[in-house]
Amino acid sequence: QENDEQNLWKTRKNILRVLAGRIEEISVLSRLSWYHVFGLHFWYGAGASAIAHEDAGIGEAVLAFSKSWQESLEEESPSMGCAPPSAPYVGESVGDKRAKILASPDALDSAYQILCLYSDTRNEQTLMHTLSPSGTSSDPFEHHQGWHVYNLLRAVTPAAAEIEKPERLHCAFAHQLEACGLPLWSLYVLACCPRTTPGRDTQLRETVGRLWPWIESDKVELGDSMLSAEEFLCGKMRLPRSWITQARATWAGYCSQPTRQATNLLELVENLEAEGSSLSAIGAACSAAHNFVCDIMAPRAVALRNRDQGSWFGAARRVLGFLASLESRRGLLAQWEVRGGVLFDFFKLVVDGTPRDATCAWAHGLAARTVEFAQLMESADARVDESQCVRIGENVGGERELRVACAGVVCSWVMLLQRKLVVSLNAHSGQLLHEAIIEATQDLQRLQGASGLINKLAAEYGGDVIGLAANRRWLLPDSSYAV
């Protein structure tokens, strides 16, 4: 009974000390959490006298509490004084908390650091220090709480929430989310970085391209609806759709899907036009699509001509469709006439046959452009960007051989087209026929077609010149070269 009375008297004394504002004299202070001790200082101690002066009470309470726990670090007995405001991951005992604070002064609870920052009671306290992971977790890569606190402060007091290089905090948390398998939310965190941050858009665009296969299969639950990756990125986050298309084109190249890659490259041009991008950006996208179709897709399509007629004509139609899309933007392509234009005319011959309005003069002009086309195909390695081509697991030398072979086939078709138009002229056309034969003979010397075909055509043109045109016969070429 005597012990009960003593305990009751101690409790009453503690209550009286609290009401009197003498918080440091409470006997059970070391058994209270720092939140409780700070609350006592705020409501009954130093903060109570200043609480009428708007926010002054918080500052006074922080000062009193800071003095209390800092003095307790010097106490010889762990049972004396209040517990320091250590981070949540520190041990439960007061001794463990004191040892941690003495060994690592940064291991203070983030909530306490925010109070110090708010009341401006610690000169060495900065916002960047407050957002450090050491105040919330023992893991130095745990940035989620610091990121949320920063964005909350930035929404409430934008001017006060300024830190040096905020992109570091956003990147750190974004990498953490990426490592956890949340690529879409990783992009969301990066997009929350201030728009004035240097390189923000570049990093976002590169991250979309790097993570696209994982992003594409991801979904986001917002309310009662599930959004696809594209709906979330372009609809909610309002990222340019051209970034998505560029990422698809890049990964189609990595996966050796040339048709899909060409489709995405052309779609990229359309997206840039719809977004009102600069003419230089649209021109660069057109050039990338032009290079890919001319230097990769067309040679591969031509390589099918001796294997499967169905596949050959199907591939020819696909390439012709791509070139038709580029033909409407020929003004943005410096080498269209001697590259895409030559292939466009060639594949039209393959798919639609010889135009009814074709003339020897038109064929002669096509031959002149084809000569330069063949030279450019040999030097394509220096022009084609490897990131825009199918390179993985494939022989680059084989691609070069396909381009040279493609140029040879196009030259042979042009030579046969000229011969067909020469044959179509009346033998009594006189000067017109003679000029057409001379032009066709000169083109034979420049076009890099099949040597056997060149010799046969040269012999026929020679017979035409010496007057055998009336009795000439059309040398039927191999079916694979038929015009």
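## Helix packing in a predicted protein chain

Among contacts in the protein chain between residues at least 6 apart in sequence, 60% join residues at least 24 apart; contact here means heavy atoms within 4.5 Å. The structure is a predicted model, in which local features need pLDDT of at least 70 and side-chain atom pairs count only at pLDDT 80 or more, while totals for chains, interfaces and linings use all residues. Residues are numbered from 1 along each chain as its sequence is written, and side-chain values use heavy atoms, with hydrogens and water left out.

The protein chain has 21 helices and two strands. These elements are DSSP runs numbered from the N terminus (helices: H or I, at least four residues; strands: E, at least two). Of the 483 residues in the protein chain, 45% are buried. Buried means under 20% relative accessible area, exposed means over 50%, and partly exposed lies in between, with a 1.4 Å probe and protein chains only.

Two packed helices are described by the angle between their axes and the distance between the axes. The axes are lines fitted to C-alpha atoms, for helices over the stretch in contact, and the angles run from 0 to 180 degrees between N-to-C directions.

| Helix pair | Angle between axes | Distance between axes |
|---|---|---|
| α13 and α14 | roughly 165° | within 8 Å |
| α14 and α15 | about 160° | 9 Å |
| α18 and α20 | roughly 15° | within 10 Å |

Angles under 35 degrees count as roughly parallel, over 145 as roughly antiparallel, 65 to 115 as roughly perpendicular and the rest as oblique. By its angle, the pair α13 and α14 is therefore roughly antiparallel. The helices α14 and α15 are likewise roughly antiparallel to each other. For α18 and α20, the angle of roughly 15° makes the two helices roughly parallel.

A crossing is left-handed if the near helix is turned anticlockwise from the far one by less than a right angle, and right-handed if clockwise. The crossing of α13 and α14 is left-handed. On the α13 side, the contact is made by Arg241, Ser242, Thr245, Gln246, Arg248, Ala249, Ala252 and Gly253, and on the α14 side by Arg260, Gln261, Asn264, Leu265, Glu267, Leu268, Asn271 and Leu272. By class, this contact of α13 with α14 has five nonpolar, seven polar and four charged residues. In this scheme Ala, Val, Leu, Ile, Met, Phe, Trp, Tyr, Cys and Pro count as nonpolar, Asp, Glu, Lys and Arg as charged, and the others, Gly among them, as polar.

Asparagine 271 belongs to helix α14 and is buried, with a relative accessible area of 11%. Not counting residues up to four places away in sequence, asparagine 271 touches Arg241, Ser242 and Thr245.

Among the residues making the contact are Leu265, Leu268 and Leu272 of α14, and Ala285, Ala289 and Phe292 of α15. The contact of α14 with α15 has 16 nonpolar, two polar and two charged residues.

The crossing of α18 and α20 is left-handed. Here Cys360, His364, Ala367, Ala368 and Val371 in α18 meet Ala436, Glu439, Asp443 and Arg446 in α20. These residues divide into five nonpolar, one polar and three charged.

Helix α18 (residues 360-378) has 19 residues, which at 1.5 Å a residue should span 27 Å, and its end C-alpha atoms are 27 Å apart, in agreement. The expected span is 1.5 Å times one less than the number of residues. Buried residues of α18 include Cys360, Ala367 and Val371.

### Loop residues and a buried tyrosine

Most residues other than glycine have a negative phi. Arginine 238, which is not a glycine, has a positive phi of about 60°. Arginine 238 is found in the loop between α12 (229-236) and α13 (241-254), and its relative accessibility of 72% makes it exposed. Serine 256, also not a glycine, has a positive phi of about 55°. Serine 256 lies in the loop between α13 and α14 and counts as partly exposed at 33% relative accessibility.

Tyrosine 112 is found in helix α6 (residues 110-119) and counts as buried at 1% relative accessibility. The C-alpha atoms of tyrosine 112 and tyrosine 35 are separated by 8.8 Å, and the two residues lie 77 apart along the chain.
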